[in-house]
Amino acid sequence: MEMTPEQLAAIKKQFVNLKERSPFYAKKFEGIDLSDIQTQADFEKLPFSEKADLRDAYPLGLAAVPPEKIVRIHSSSGTTGTPVIIPYTQKDVDDWATMFARCYEYAGVTPEDRVHITPGYGLWTAGIGFQLGCEKLGAMAIPMGPGNTDKQLKMMEDLQSTVLCGTSSYALLLAEEIEKRGIRDKLALKKGIIGSERWGEKMRKRIGEELGIELYDIYGLTEIYGPGIGINCKADSAMHIWNDFVYVEVIDPETGELVPDGESGEIVLTTLQKEGAPLIRFRTHDLSRIVPGECSCGSKHPRIDIITGRTDDMVKVKGVNMFPAQVEEIIAFTDGASSEYQVMIDHLDGKDIMTVFFETEATGEECTRIEENMRLLFKGKLGMSPNPKGVPIGYLPRSEKKTKRIFDNRY
Ligand code: ZN
């Protein structure tokens, strides 16, 4: 994607004294004179940053401001021990609120709305980001955090929440519970803003239909502010990214080369305004693509498609590379299969065995027919045959946080 003159100017401004302000970048850009970066082509020669680099800077090595300018930290957990700590200045917090309020506006949320926030609060950026944006917009924040379904539903009813914020799996859990209790007509829900988890079209449809609400995908990651750097609009499912704060590139995750607009690859982000911990060419490991052309809504903010997976989610089964999104797509294509699934990969007698558990209302022969159809779809689309296995609705686990769906038991 072409860098705008404003973006290039913001990057150059950020580079002034960056190496003096930040020991992290002094090391990262050793031997590079940042005043030589004058064009987009120059910028594209800079090395990427990785989550591992950020982890090495633990605890506060990422700070590019003196300690007294830091007003807050957030942290991404990471599965491998040492967390990443991101310092924020007051301007960073304000900018994040501005971006998040814009997300709510794109979703049609107004100061009249009552926003039910179920993501967690604390070191994690999610809950507090939803809250910041809500207050900046002037809507009423209901800071629930996750868990305690009884209390969630009581507050949702008593306070007449109109917007539900959460992960897709928690939204589904609440949707099912609302259906089970038959209380939908006592609630005032109109919209759902769903973040921090990749979710398939079928799950989206189910949540949307069961609750009868409009759904929006919000994008972001702790390393770059948190959720709220982009959201889809009413016109389309692709997400507008706030290009006054973030510059987007898409690369081939294997070679690191930029791919043409429209082609899938790994999202790489550069912050344009961030003071506490600027990030330059940060590899997100999120897979998506830039959607070329302008959106019919008229917004000039560029778009990326919904996230289809993570580069590190790729699994190789029977010699075939596979992403969770592809599995999800096949399940969505299979008539009679619901959106919930779980994949188990094992190695037995020298062979990979993949079992796909999916929820279905069907039983007996009908269930067997659905299993066989799914197996044929896998064969046709991925060139490999798993063992699909239908299970009753509600059989597979739902979680308040991210749902793990692919279990590789081979190693
Ligand atoms: Zn749009």
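**Close-up views of a predicted model**

**View 1. Tyrosine 104 and its contacts.** In this predicted model, tyrosine 104 touches Val109, Val115, Phe130, Gly133, Cys134, Leu137, Cys165 and Ile193, when residues up to four places away in sequence are not counted. Tyr104 is also, together with Ile193 and Tyr219, one of the residues that touch the most other members of the largest nonpolar core, which has 67 residues. The element that gives the most to this core is α6, with eight residues. Apart from this core lies another one, of 22 residues, including Met322, Val356, Met374 and Met384. In soluble globular proteins, nonpolar side chains tend to be buried together.

**View 2. Helix α6, from residue 90 to residue 106.** At 1.5 Å a residue, the 17 residues of this helix should span 24 Å, and the 25 Å between its end C-alpha atoms agrees with that expectation. Among the buried residues of α6 are Asp92, Val93, Trp96, Met99, Phe100, Cys103 and Tyr104. After α6 comes glycine 108, which has a positive phi, near 80 degrees.

**View 3. Threonine 118 in its loop.** Threonine 118 is placed in the loop between β3 (114–117) and α7 (126–137). Is this residue, threonine 118, buried or exposed? Its relative accessible area is 3%, which is under the 20% cut-off, and therefore threonine 118 counts as buried. A polar atom of the threonine 118 side chain lies 2.7 Å from the backbone oxygen of cysteine 165. Not counting residues up to four places away in sequence, threonine 118 touches Gly145, Pro146, Gln152, Leu164, Cys165, Gly166, Tyr170 and Leu174.

Methods
Residues are numbered from 1 along each chain as its sequence is written. This is a predicted model: local features need pLDDT of at least 70, side-chain atom pairs count only at pLDDT 80 or more; totals for chains, interfaces and linings use all residues. Side-chain values use heavy atoms; hydrogens and water are left out. Helices (H or I, at least four residues) and strands (E, at least two) are DSSP runs, numbered from the N terminus. The expected span of a helix is 1.5 Å times one less than its number of residues. Buried means under 20% relative accessible area, exposed over 50%, partly exposed in between (1.4 Å probe, protein chains only). A polar contact is a pair of N or O atoms within 3.5 Å; within protein, one must be able to donate a hydrogen and the other to accept it, and residues adjacent in sequence count only if both atoms are side-chain atoms. Contact means heavy atoms within 4.5 Å. A nonpolar core is a set of buried Ala, Val, Leu, Ile, Met, Phe, Trp, Tyr and Cys residues joined through side-chain atoms within 4.5 Å.
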